[in-house]
Amino acid sequence: MAKATEFDKLRKSRRRKRMFRRIVAGLIFLVFAGVCFVSSSFVYQLDLGSRLDNLRASLEGGDGFPVSMSDLTILNLLPMDGDVAVATTAGTYLYNGNGALTATCLNDFRTPQAKSAGGKLLTYDLGGTGLRVDNKRRELWAEEVEGGTLLAADIGENGAVAVAQTIAGSYAQVTAYNPRFELMYSWRVPDSYITGVSLSRDGTMMSCAGVGMEGQHVAGLLRIHHFDRDEEVARISFPDQVVVSMVWTGEEEVQVVTDKALYLYSKEGEQLAMAELPGQMVTFENVPGNLYVAYGDYRDPEGVTILAYSGDLEQVGEASVDRKVLSLTADGHHLLVLTEGQLYLGDPSLRELKARDHQGLYWVCLAGSSLYGITPDGLVREGL
């Protein structure tokens, strides 16, 4: 057998080096492609683009406060993380903590309703067909429902959206969309009207409030659905009551307020707690982990009584005011009690309730460590 020459050895060595370089290059390409795929999926799933929009919007410089709201009819103030959305009859205006207008979400809705969660804003036309979702800088999604009119809608902390509408052949239809606004669940309601819808924090479950007939009596209804199940998980009846509010907690439980009582249910529909209301409810605030109820007449010697409940519906505090209560606003860390001529700030358990400078406020909102309000001078902002 002939001996390999030095040239042959050199050629084989070069071939091995080329093969090695190709293998390394291939591995690098595969790793790079994998990183790109994971990164793009990560951005896609967590909606980092929208989060960056919101961050840039929050950092924009402005002229401070107050911001004029002349010629606008205010419907609500909504927290957008540390910023605020001012909902009006003409649309919603988003302002950051510097007083800069970061987005204008105009619409021609007849009965606009607005909700905020996770740095996004949902606006829909109650009794109409239009809805949209915006972040602090731009519109993310717009839709016109077909075959009916809107009854209710909700947006979850993760950006999922649930929509209830009338539809031919059924009492209603409820559809849910994932944070990329792709259809992920649909339910035709065969036996009750739908008056409200609420999404769990992770957007994988929803509860629906409704009204139906139980024998000869009208009853409020709570319906619970899990998006990974084909059948309704629970149908709970409240005879001679109306469900006026429901929210999901971080423990995947549902806090329910009716016109007569407070309830807590598990995600499977098991009743965990109940508290009867001690009097005719004036107003309430239902936030995950806390419930507040005001009842009584401010003209009576006892005034209006405000009760604070924990997430398991134990009464943890009580306070009274001698003024007409306009609203209760809570965020899990503070409670604002807006009355005619006075604003009060309390802790979650109502161990104390302190009067604050009112400034003619007629709307208030808690957003991060700030208090936003509407006065005759316009939109104002204060630290807590």
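Colleague: In which helix is leucine 59 found?

Modeller: This is a predicted model, in which local features need pLDDT of at least 70 and side-chain atom pairs count only at pLDDT 80 or more, while totals for chains, interfaces and linings use all residues. Residues are numbered from 1 along each chain as its sequence is written, and side-chain values use heavy atoms, with hydrogens and water left out. Helices (H or I, at least four residues) and strands (E, at least two) are taken as DSSP runs numbered from the N terminus. On that basis the run covering residues 48-59 holds leucine 59, and it is helix α2.

Colleague: Is leucine 59 buried or exposed?

Modeller: Buried means under 20% relative accessible area, exposed over 50%, and partly exposed in between, with a 1.4 Å probe and protein chains only. Because leucine 59 has 65% relative accessibility, it counts as exposed.

Colleague: How many salt bridges does the count come to?

Modeller: Side chains of opposite charge can pair when their charged atoms come close. A salt bridge is taken here as a side-chain nitrogen of Lys or Arg within 4 Å of a carboxyl oxygen of Asp or Glu. By this rule the count comes to 19.

Colleague: Which residue forms a salt bridge with arginine 132, and are the two buried or exposed?

Modeller: The closest N and O atoms of the pair are 2.7 Å apart, and the partner of arginine 132 is aspartate 134. Both arginine 132 and aspartate 134 are buried.

Colleague: How many residues apart are arginine 235 and glutamate 214?

Modeller: Arginine 235 forms a salt bridge with glutamate 214, with the closest N and O atoms 3.3 Å apart. The pair links distant parts of the chain, since arginine 235 lies in strand β16 (residues 234-239) and glutamate 214 in strand β14 (residues 205-214), and the separation is 21 residues.

Colleague: Which residues are joined with Arg223 into one network?

Modeller: Arginine 223 forms a salt bridge with glutamate 232, the closest N and O atoms being 2.7 Å apart. Arginine 223 is buried, because its relative accessible area is 2%, whereas glutamate 232 counts as partly exposed because its relative accessibility is 27%. Through salt bridges that share partners, Arg223 is joined into one network with Asp191, Glu214, Glu232 and Arg235.
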